[in-house]
Amino acid sequence: MPATAETIQSHGHLDQLNQALDSGAFIQVQRMLNSLPAPDVAHIIESSPPKTRAVIWRLIDVEREGEVLPYLNDEIESQFLRAMDSKELLTITEGLEADDVADILQQLPDRVIREVLQLMDQQDRQRVEQVLSYPEDTAGGMMNTDAITVRAKTPLDVVLRYLRRHEELPEMTDNLIVVNRRDEYIGQLPLRKLLVSDPGITVREIMVTDIDAIPATMDDGEVATLFERNDWVSAPVIDETGKLVGRITIDDVVDVIREDADHSLMSLAGLDEDEDTFAPVFQTAPRRAMWLGINLVTAFLASAVINLFEGTIDKVVALAILMPIVASMGGIAGTQALTVVIRGMALGQVGSNNSGWLINKEFLVGVINGLCWSLVVAAAATLWFDDPLIGIIIACAMVINLITAGLAGAIIPIALRRMNIDPALAGGVVLTTVTDVVGFMSFLGLATLFYM
């Protein structure tokens with residue numbers, strides 16, 4: 001993947017900072033850190049070993065700590081937050097948006113959250129408590145409460161005067177939200193229309209009413225899908241009564257998309273999406289050990305299948321040489337199908353109405369690839385061992401395992417989701433077991449049938 005200008009720039013900052021740290025030029029490091037954008041500082045922290053992180057964090061100005069924290073992954077953020085008392089937490093959250101404050105507080109024990117909220121002024125406390133009242137992975141948990149609202153009967157010139165009384169508009173403001181007297185959502189007033197329309201007309205005449213608001217209880221993955229599908233920059237959020245409670249902006253949605261992508265990638269290896277690249281050895285090893293143990297159990301299962309055909313392998317040594325080919329081809333074919341289906345689920349494309357078609361498609365793909373590559377493997381095995389029979393056996397086993405792999409790759413994630421098990425986390429382990437067992441069983445079983 002080619003490096004972007006931003007990536008090259010970040011690496012340059014990291015190299016400069018490490019050189020300054022090595023030479024003991026801490027004043028230079030401090031000046032550099034406090035002149036960089038918050039995302040760049042967060043990237044430098046995440047790209048440093050634990051001891052260097054502690055030094056970097058101490059060199060950041062206190063008033064900038066709150067800007068940097070939201071850009072850190074949850075694990076590193078929690079490490080810094082746990083070392084702070086309530087007054088320090090209040091200081092770093094000053095000036096942050098309600099959703100960012102809520103994200104920070106959600107990393108802390110309930111006792112500390114209560115202490116910080118008590119120290120806030122009433123208006124800030126109400127905004128943060130409103131966000132905290134919803135689960136973190138819902139629209140309500142990711143929303144902000146900075147929406148600017150107007151009434152439908154208001155003339156546009158009044159709206160423009162009202163906006164000019166603000167020092168600045170909230171970030172990502174592309175629409176004003178239209179509500180009635182009960183603060184119930186009824187539509188949106190795009191700024192691009194407001195700025196070019198006759199000031200004498202009312203909001204009602206140019207507002208947009210065909211865009212539904214997002215329920216506060218909607219899953220954040222569904223929110224991301226809506227933003228992606230509709231190219232939204234922001235969207236209003238309503239409670240169960242239809243009352244406006246806030247809005248979601250594209251920057252928060254991008255975070256969700258990135259986290260979902262990290263989750264899918266890391267879960268395939270049995271890791272947490274917040275896995276820290278520079279985490280200490282004794283923290284990393286136990287996390288990986290669990291999934292290695294699970295994989296070991298499945299490996300023993302595959303070995304037990306091989307053991308059933310010990311006599312056949314002793315008689316035909318070529319079987320031991322060719323066995324890994326069948327299992328490996330099945331594993332790759334299954335992983336391809338599994339990845340496609342899990343991606344489709346993440347995008348909201350796979351449901352009960354089309355899962356049957358998807359399974360049938362992967363079956364046919366398995367048949368085609370199985371027939372194609374079985375001929376290649378059969379020819380190679382026949383020439384290698386000068387035995388046409390072993391070529392026929394491995395060809396049949398290859399067809400069986402590739403068909404099974406395609407079916408398993410499609411069925412396993414669908415079945416796991418129906419059992420409320422994360423397909424990205426458990427799918428790979430189950431698939432590997434299926435393809436190994438079926439591959440060895442079909443190959444060695446057919447060999448036993450023909451040779452014994």
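Guide: This is a predicted model. Helix α19, residues 318-346, has 29 residues and spans 43 Å from its first C-alpha to its last, close to the 42 Å expected at 1.5 Å a residue.

Visitor: Which residue with a positive phi follows α19?

Guide: That residue is G348, with a phi near 75°.

Visitor: Now the sheets. What is the strand order in the one that contains β1?

Guide: The order is β1-β2-β3, in an open sheet of three strands with mixed pairing. Its edge strands are β1 and β3, each of which pairs on one side only.

Visitor: How many bridges join β1 to β2?

Guide: Two bridges join strand β1, residues 149-150, to β2, and the two strands run parallel. T149 has I177 of β2 as its bridge partner, and V150 has V178 of β2. Between β1 and β2 the chain passes through helix α12, residues 156-164, in a right-handed β-α-β crossover.

Visitor: And the other neighbour of β2; in which sense, parallel or antiparallel, does β3 pair with it?

Guide: The pairing of β2 with strand β3, residues 185-190, is antiparallel and extends over five bridges.

Visitor: Are the residues of β2 buried or exposed?

Guide: Strand β2, residues 175-179, is mostly covered, with five of its five residues buried. N175, I177 and V179 point one way, while L176 and V178 point the other way; all of them are buried.

Visitor: What about the sheet with β5 in it; what is its order?

Guide: That open sheet has three strands in the order β4-β5-β6, again with mixed pairing. β4, residues 214-215, and β6, residues 244-249, are the edge strands. Strand β5, residues 234-238, pairs with β4 in the parallel sense over two bridges, and I238 of β5 is the bridge partner of P215.

Visitor: Which residues line the second largest cavity?

Guide: They are N175, I177, Q188, S234, A235, P236 and R247, around a volume of about 30 Å³. β2 and β5 each supply at least two lining residues, and β5 gives the largest share, with three. By class, this lining has three nonpolar, three polar and one charged residues.

Visitor: Then the open sites. What is the volume of the second largest pocket?

Guide: The volume of the second largest pocket is about 370 Å³. Its lining comprises 17 residues, and G95, L96, E97, D124 and R127 lie nearest the centre.

Visitor: Which helix supplies the largest share of that lining?

Guide: The largest share, three residues, comes from α10. Helices α7 (86-93), α8 (98-105) and α10 (122-132) each contribute at least two residues. By class, the lining of this pocket has seven nonpolar, four polar and six charged residues.

Definitions and conventions
Residues numbered from 1 in each chain as written. Predicted model: local features only at pLDDT ≥ 70, side-chain atom pairs only at ≥ 80, totals over all residues. Heavy atoms only, no water. Pairing = 2+ DSSP bridges. Helix = DSSP H or I, 4+ residues; strand = E, 2+ residues; numbered from the N terminus. Buried < 20%, exposed > 50% of the residue type's maximum accessible area, 1.4 Å probe, protein only. Right-handed = clockwise from strand over helix to strand, strands pointing away. 1 Å grid on protein atoms, 1.4 Å probe; cavity = no way out; pocket = protein on both sides within 12 Å on 5 of 7 lines; lining within 4 Å. Points joined across faces, edges and corners; volume = space filled by probe spheres on them. Nonpolar A, V, L, I, M, F, W, Y, C, P; charged D, E, K, R; others polar. Expected span 1.5 Å × (residues − 1).
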